Every structure is written in C-alpha cells, then in structure tokens.
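Biologist: I would like to learn how to read a fold from its strands and helices. Please take me through one case.

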Amino acid sequence: MREGLKIFKIGGGIIDDAAELSQFLTQFAQVPGHKMLVHGGGKGASQMLADLGIEPKMVQGRRITDAPTLDIVTMFYAGKTNKQVVALLQASGVHALGLSGADGNAIRAVKRPVQDIDYGFVGNLPEGSINAQLLELLLQAGITPVFCAITHDGRGQLLNTNADTIAATLARALAGQYEVELHFCFEKDGVLRDINDDTSVIPQITAQQYQHLKAEGIIAAGMVPKLDNAFAALEAGVERVVIENALKINEPVKTVLCRSN
C-alpha cells in the first residue's frame, strides 16, 4: 500500500494575521505522516511596494510582476514569509525546509506568454515541472517541504507563480508515489452556496455538480480557478481534495471534491 501525503495550501489572509498563522501551524504540526505546505504571500509585499513608491498592479485578481515587483515579492515570499513559517514549524516540532522552486530545481516553470495581458515575470507550470525525485527524498527523510510562490525557468530567471497552481501541480506530480490529499485552506469553512451565509457550506461537490454551480453563478470569481485546479488534480490521480477553514482543519465541516457520484 502506498503511503499517504497531505499537501496544504494557505492563502494570504492567514499569512497576514500572526495569531491565525500560529494557530494554523499548530494544527498543521499535529497532522500525522508525510505532509507539505504551500503558502501565498499576503498583503505584505503590496505594502512594501507601496512604501517604495511602486504601485502594485493587479488584473482579475492576479499580480502583474514587472522586474522591480519581482525583486520585492521574491524578498517577501521566499525570504521573510517563508522563513517565518519554517521557524514557527520548527518551534512546533516539525522538521521543515523552506523552498522556492529554484532550490534543488524543485519546480521549473515557463514564463507566461503575452496574450491579451502581459503579466511580466509570471510562471506557468507545464507537465514535468516538478522534481518529484527530490521531494520524495525529502519526505522519506522526515522533512516537511514548505514552498513559497517563487519558481524558476532553469535559465537563471525567477518567476512569480500562483500558489494554488503550485499546490495542485505538486499533488498531481506526486500522485503516482503517494495517496495524495490536497487541502486548500482559507478563511471560510468550505465552498458556500450563499456567499453571505457562512453556514451554507456545500459538503460535497462532484465534477458534474461543479459545472452546474458555475453556470448558476453560485461558484464564481476567485473560487473558480481554485476549483478548476482541484478537479484537474482529481482527474490526474489525486485521491481527495478538501476546501476548508485554515483554523479548523481538524473539524468535520468542510467541502470535499469528488470525481463523480
């Protein structure tokens, strides 16, 4: 029987709140077996850009990453934020290793081609972008990898890459070696039927139901790319995808995504 692996992704809202981050990491430390963590950057990078007189540019919720912006997000994501998370995990007894995609050639991306929008130094993750052999060595050595949202192209260029995409791509790449559970953790208890009602969590969503919920506008905006990534991971062999509250990962209320009924 293959060993289990749980991959957790946390968003910026948790990163921005020191008390909530500490609470999540305390729960994460108690998760048994092999695990990995992927984190976004939070609002700190945007604040640092503003402090330096560089206006943050966002289009459809995605950051435009020009050269000065890349310098700042690399310092903030791969430096301050990543090492802070790792230090807190070490304090909780987790043997964690902070990584960008460049470290050990862990995640090799390609620069997003310019189409309607030039996103700048932003990375897409093609098939074969994950160094699964390296990650398997780390996991078998009892090390918990902690990834930020910075990757590289193999030619010396760092790239800013969506953390949801990184988490889903890691899950897909390791599904052949492990029974992978992918957990997207944010500030809600799961996918909500009514965005204004925190108690309207949909406990289970199949691929077919997802299409209906999108068509009805119940699932929209930033939740769509998250669930697109999630269902692609399921189709690629990931065992289970969970959408849950980052502060309640040990509680039963959450949304579980399924391939079919």
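Biologist: Which residues point one way from strand S8 and which the other way?

Modeller: A note before the answer: this is a predicted model. In S8, residues 144-147, Thr144 and Val146 are on one side, while Pro145 and Phe147 point the other way. All of them are buried.

Biologist: Which residues of S2 point one way and which the other?

Modeller: His34, Met36 and Val38 point one way from S2, and Lys35, Leu37 and His39 the other way. Since 6 of the 6 residues of S2 are buried, this strand is largely enclosed by the rest of the structure. Buried here means under 20% relative accessible area.

Biologist: In what sense do S2 and S8 run, and how many bridges join them?

Modeller: Strand S2, residues 34-39, runs parallel to S8, and 2 bridges join the pair.

Biologist: How many bridges join strand S1 to S2?

Modeller: S1, residues 4-10, is joined to S2 by 6 bridges, and these two strands run parallel. Lysine 9 has valine 38 in S2 as its bridge partner.

Biologist: Over how many bridges do S5 and S8 pair?

Modeller: Strand S5, residues 96-99, pairs with S8 over 4 bridges in the parallel sense.

Biologist: In what sense do S12 and S14 pair?

Modeller: They pair in the parallel sense, over 3 bridges, S14 being residues 255-258. Glutamine 204 stands opposite valine 256 in S14.

Biologist: Now the helices. At what angle do H2 and H4 pack?

Modeller: Two packed helices are described by the angle between their axes and by the distance between those axes. For H2 (residues 18-29) and H4 (residues 67-91), the angle is about 50° and the axes are 10 Å apart. H2 and H4 are therefore oblique to each other. The crossing in which H2 passes H4 is right-handed. On the H2 side the contact is made by Leu21, Leu25 and Phe28, and on the H4 side by Gln84, Val85, Leu88 and Leu89. By class, the contact of H2 with H4 has 6 nonpolar residues, 1 polar and no charged.

Biologist: What is the angle between H6 and H8?

Modeller: H6 (residues 163-174) and H8 (residues 223-235) pack at about 5°, with axes 9 Å apart. That makes H6 roughly parallel to H8. Asp164, Thr165, Ala168 and Arg172 of H6 meet Lys226, Asn229, Ala232 and Ala233 of H8. The contact of H6 with H8 divides into 3 nonpolar, 2 polar and 3 charged residues.

Biologist: Where does alanine 207 lie, and in which helix?

Modeller: Alanine 207 lies in helix H7, residues 207-215. Its relative accessible area is 24%, so alanine 207 is partly exposed.

Biologist: How many residues apart in sequence are alanine 207 and leucine 257?

Modeller: They are 50 residues apart in sequence, and 7.7 Å apart in space from C-alpha to C-alpha. Leaving aside neighbours within four places in sequence, alanine 207 is in contact with Phe231, Cys258 and Arg259.

Methods. Residues numbered from 1 in each chain as written. Predicted model: local features only at pLDDT ≥ 70, side-chain atom pairs only at ≥ 80, totals over all residues. Heavy atoms only, no water. Axes fitted to C-alpha atoms, helices over the stretch in contact; angles between N-to-C directions. Parallel < 35°, antiparallel > 145°, perpendicular 65-115°, else oblique. Left-handed = near helix turned anticlockwise from the far one by under 90°. Contact = heavy atoms within 4.5 Å. Nonpolar A, V, L, I, M, F, W, Y, C, P; charged D, E, K, R; others polar. Buried < 20%, exposed > 50% of the residue type's maximum accessible area, 1.4 Å probe, protein only. Pairing = 2+ DSSP bridges.
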